Structure formats: C-alpha cells, structure tokens
Amino acid sequence: MPKIVFLPHSTLCPEGAVVEATEGESILDVALRNGIEIEHACEMSCACTTCHCVVREGFDSLEESTELEDDMLDKAWGLEAESRLSCQAKVTDEDLVVEIPKYSINHAREH
Ligand code: FES
C-alpha cells in the first residue's frame, strides 16, 4: 500500500503524519480520512484552490493535471512547480510526501 507523508502544518497536523493510502484515492480524501482537515471549499469539484498542496516527492507518479486544474492552480497562494489540487490528484502505487501550504487563498493577505 502506498503511504503519504504529510509534512507538519501549524494547525492541520502540527506533528506531521504518515498514513496509508489506497490506489485511486485523492490526496484530499486520504487526508480527511486521517483527520487532516485540508480545506475543500468547492466540495472537490475543481472549482477553487483551497485544497492546494505541494507534492514534494512522488509528483511524477501522479496522473497529469487537467487544463482546468492548471487554470485553477494559477490562482493558488504559493504556487510551485509541484503544486496540485489535492482533490484532483489521485494516488498511484508510489509513496508521496505532501506539504500543505501555510495559507490557502481564503487566508492570504491581499498584496
Ligand atoms: S476542493 Fe475545490 S478544487 Fe479541490
């Protein structure tokens, strides 16, 4: 079974977590199932960016993002090359290391 390592996040999982995932599950589902309450304002329909995460390891094992996901990601706070919307990124058979950004768009300060 693939594992997901969630790096420590100050409020969602202060100690970080290592959890088991099932192939085909989204990163968000795995997190929620394990009590890591990543925001998901659009109920996983790829219409917001609150579930943004950065896949530090195993990024290439994920199915490629769709154009719609990429468009949404462009609006995410703290976008990186390995950013994904966690509700859209499905686990395969490889382990992942996932960082939940410090802010989501709901909290980001206006610049
Ligand atoms: S919950 Fe809105 S895009 Fe993932």
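Begin the tour by selecting serine 83, which is found in strand E4; helices (H or I, at least four residues) and strands (E, at least two) are DSSP runs, numbered from the N terminus. The model is a predicted one, in which local features need pLDDT of at least 70 and side-chain atom pairs count only at pLDDT 80 or more, while totals for chains, interfaces and linings use all residues. Residues are numbered from 1 along each chain as its sequence is written, and side-chain values use heavy atoms, with hydrogens and water left out.

At serine 83 the relative accessibility is 4%, so the residue counts as buried; buried means under 20% relative accessible area, exposed over 50%, and partly exposed in between (1.4 Å probe, protein chains only).

**Salt bridges**

Next, select arginine 84 together with glutamate 69. These residues form a salt bridge, with the closest N and O atoms 2.7 Å apart; the term denotes a side-chain nitrogen of Lys or Arg within 4 Å of a carboxyl oxygen of Asp or Glu. Because glutamate 69 lies in helix H2 and arginine 84 in strand E4, the pair ties together parts that are 15 residues apart in sequence. Glutamate 69 is buried at a relative accessible area of 2%, and arginine 84 is buried at 3%.

Proceed to arginine 56 and glutamate 99, whose side chains meet in a salt bridge at 2.6 Å, N to O. Arginine 56 belongs to strand E3 (residues 52-57) and glutamate 99 to strand E5, so this pair ties together parts 43 residues apart in sequence. Arginine 56 is partly exposed, at 30% relative accessible area, as is glutamate 99, at 27%. Include Glu80 in the selection as well: salt bridges that share partners join Arg56, Glu80 and Glu99 into one network.

For a further pair, select glutamate 25 and arginine 33, which form a salt bridge whose closest N and O atoms are 2.8 Å apart. Glutamate 25 is buried at 16% relative accessibility, whereas arginine 33 is partly exposed at 47%. The count for the structure comes to four salt bridges.

**Cysteines and helix H2**

Now select cysteine 46, which is buried with a relative accessible area of 5%. A search of the whole structure finds zero disulfides, a disulfide being a pair of cysteine sulfur atoms within 2.5 Å. For cysteine 46, the nearest cysteine sulfur is that of cysteine 87, 6.0 Å away. Cysteine 48 is also buried, at 11%.

From cysteine 46, move to aspartate 70; the C-alpha atoms are 9.8 Å apart, and the residues are 24 apart in sequence. Aspartate 70 is found in helix H2 (residues 67-73) and is partly exposed at 33% relative accessibility.

**A charged surface patch**

Finally, select aspartate 93, in the loop between strand E4 (83-85) and strand E5 (96-99). Aspartate 93 is exposed, at 56% relative accessible area.
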